[in-house]
Amino acid sequence: MQPTQNVLIPEVIQQIPLTYYIIISTALFVIGIIGVLTRRNAIIIFMSIELMLNAVNLLLIAFSSYRSDSSGQVFVFFIMAVAAAEVSVGLAIIVMIYRNTRSIDVGLLNKLKW
Amino acid sequence: MFPIVLLSVFGILLLFLGFLKSRAILLPAALLFLLVSLAVNFIDWNKTYLYFNGMLLSDNLSMVFTAIVLGSAFMVVALSGSFMEDESAQPAEYYGILLFSLVGALMMIGFENLIMLFVGVEILSVAMYVLTGSDKRNLRSNEAALKYFLMGAFTTGIMLFGMALLYGATGSFTLGGIRAYAVNPQVGLSLLFYVGLLMLLIGLLFKVSAAPFHFWTPDVYDGAPTLFTAFMSTVVKTAGFAALFRLLSISFSGVYTFWWTILAIITTLTLVAGNITAVYQNSFKRMMAYSSISHAGYLLIGLAALGQQTKQAIVFYSLAYSVATIAAFGVLLLVARQRNAETITSGGSSSESFDAFNGLARQNPLLGFAMAVSMLSLAGIPLTAGFWGKFYMFSTAVERGQIWLLVVAVLMSAVGIYYYFRVIIAMYFREGATAPIRVAPFYRYVLVVATLLTIGLGIAPGLLEGLF
């Protein structure tokens, strides 16, 4: 991974190598995945998914500023907007389930099994 | 491009039509809107344009896919008459969301930039989460919606991480930019590129329910209201495969040797998992869910053996599959409603099991025939569209010399014949004490058109060849 135009990258950003950003966002992403796979509370699973999305945002911004290319940052805006829409639908689904079952434990949802 | 703009406007219009006291106008309005969108789709025929600052491409292939998607949506909406009778249903919102979701599907079909792919996938998925859970009081529908939502959002995360890595490796989100990097790397392809490609593929393969990312499909298809299951298994699948085809054929054809083995293994897994599990189902709806997994497998053959014929094969297969699936779900809707009405009084087997079809053909020859033709088409029996779909798919594998993939696929389609024929046997050779089912005119037209299309394409598969 070589930055294409070294001149344009601000001094401050260069002090931290790009690999560090990749490592930290991968770590955040993996924490999110583990959260989704192990937790049973729908809200916490939801938060883990948000963590995954934010890891992606961090990664995109890091790449974007190292490349001095704005399209990565534009993508981040799209992700934030879409994630907000997704949150509203997701929370509505969780509220709907809570009304019917008085619980948000995903382990209780086992009506559909072959 | 025109359908995208029009569908967005029409969706909002439909929401406002919901304010009217009379619900009767909604269904004709939705059908009219879909027809208009389908018609304006062909304005750019035989021309290639880039729209929205090079974000979306409009060429003949994308228009054909758009036509398939809008046509399937039209047929599904035409089957939705029962909403009018259901007090708790909100047809204006359903139709509005369906139209909005189609915008997402069209963006997936014509995307030229990964941003558009992401936005398209999300528009389609978020709309489907809502529709899956639209039966609010029904616990099965709730559960399906939550499962679909959590799994969908999870894989969206994976897909996005893949896109971010690809951006890191190539410095571009455009299909052309990624292609330029993959074809002609300056210092060799980086690890970021391969990992990114894999994660992006996983995200999209999840959306088309390929094994081992298929585990959500049966639950979601089973729990969702049948009409939206029909929509999901046709529109979402077609759009997903159009997106996969664009991505693989344009951006990643340079690294074919890297991904084809992975895709071939996934194809094999999908074919085996879908077909074998379908054999053990007792519910017709759940069988159709596994059947849709297995058809994703057949469609993946064309991608794993990416070549000259793939385009035509995918178009033909998704058309044949969509038409047959909609007819099957249409008949299921009618039968299940009839059985529901009966079980309330007498009690009996589940309204969506295979037994519900017992003796159907004797009482309702039209329903029986439409169902039989669509089952034959899904099983790939000659003289139906499904046969030629499979034929084209298999010939792409032959062209690439992937004989073992072909052997698996042929074996698995033999397994498929078993569970599709269970329905036909139940309809024609079992006794069932059922009253004739009243078929509304819209229903009749949809079923007749679907049956005629299936047989017509089965007899003259060349009809489509001149199109693109």
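Predicted model: local features only at pLDDT ≥ 70, side-chain atom pairs only at ≥ 80, totals over all residues.
## Chain A

Chain A contains 4 helices and 0 strands. Along the sequence, its elements follow the pattern α-α-α-α.

Of the 114 residues in chain A, 37% are buried. Among the contacts in chain A with a separation of 6 or more, 61% are between residues 24 or more positions apart.

## The interface between chains A and B

The size of an interface is often expressed as the accessible area that is lost when the parts come together. For chain B and chain A, the buried area is about 3,900 Å², and carbon and sulfur atoms account for 80% of it. On the chain B side, the residues that lose the most area to chain A are B:Phe154, B:Phe161 and B:Tyr167, which together make up 17% of what that side buries. The contact involves 43 residues from chain A and 47 residues from chain B.

## The side of chain B that touches chain A

Several helices of chain B each supply at least two residues of the side that touches chain A: α5 (114-132), α6 (139-170), α8 (191-207), α9 (216-223) and α12 (284-304). The helix that gives the most to this side is α6(B), with 24 residues. By residue class, the side of chain B that touches chain A comprises 28 nonpolar, 10 polar and 9 charged residues.

## Helix α10 of chain B

Helix α10 of chain B covers residues 226-251 and has 26 residues. From its first C-alpha to its last, this helix reaches 36 Å, close to the 38 Å expected at 1.5 Å a residue. Helix α10(B) is also mostly covered, with 24 of its 26 residues buried.

B:Ser134 lies in the loop between α5 and α6 of chain B. B:Ser134 counts as buried because its relative accessible area is 14%, which is under the 20% cut-off. Apart from its neighbours within four places in sequence, B:Ser134 is in contact with B:Tyr94, B:Ser141, B:Pro225 and B:Phe228.

B:Gln402 belongs to the loop between α16 (385-400) and α17 (403-429) of chain B. With a relative accessibility of 2%, B:Gln402 is likewise classed as buried. The side chains of B:Gln402 and B:Tyr256 are joined by a polar contact of 3.2 Å. When neighbours within four places in sequence are set aside, the residues in contact with B:Gln402 are B:Tyr256, B:Trp260, B:Ala304, B:Ala305 and B:Ala397.

## An exposed loop position

B:Gln308 is placed in the loop between α12 and α13 (310-346) of chain B. B:Gln308 counts as exposed because its relative accessibility is 72%, which is over the 50% cut-off. B:Gln308 and B:Asn275 are 33 residues apart along the chain, and their C-alpha atoms are separated by 28 Å.

Notes. Residues numbered from 1 in each chain as written. Chains lettered and ligands numbered in written order. Heavy atoms only, no water. Contact = heavy atoms within 4.5 Å. Buried area = accessible area lost by both parts, 1.4 Å probe. Nonpolar A, V, L, I, M, F, W, Y, C, P; charged D, E, K, R; others polar. Buried < 20%, exposed > 50% of the residue type's maximum accessible area, 1.4 Å probe, protein only. Polar contact = N/O pair within 3.5 Å; in protein donor to acceptor, adjacent residues only side chain to side chain. Expected span 1.5 Å × (residues − 1).
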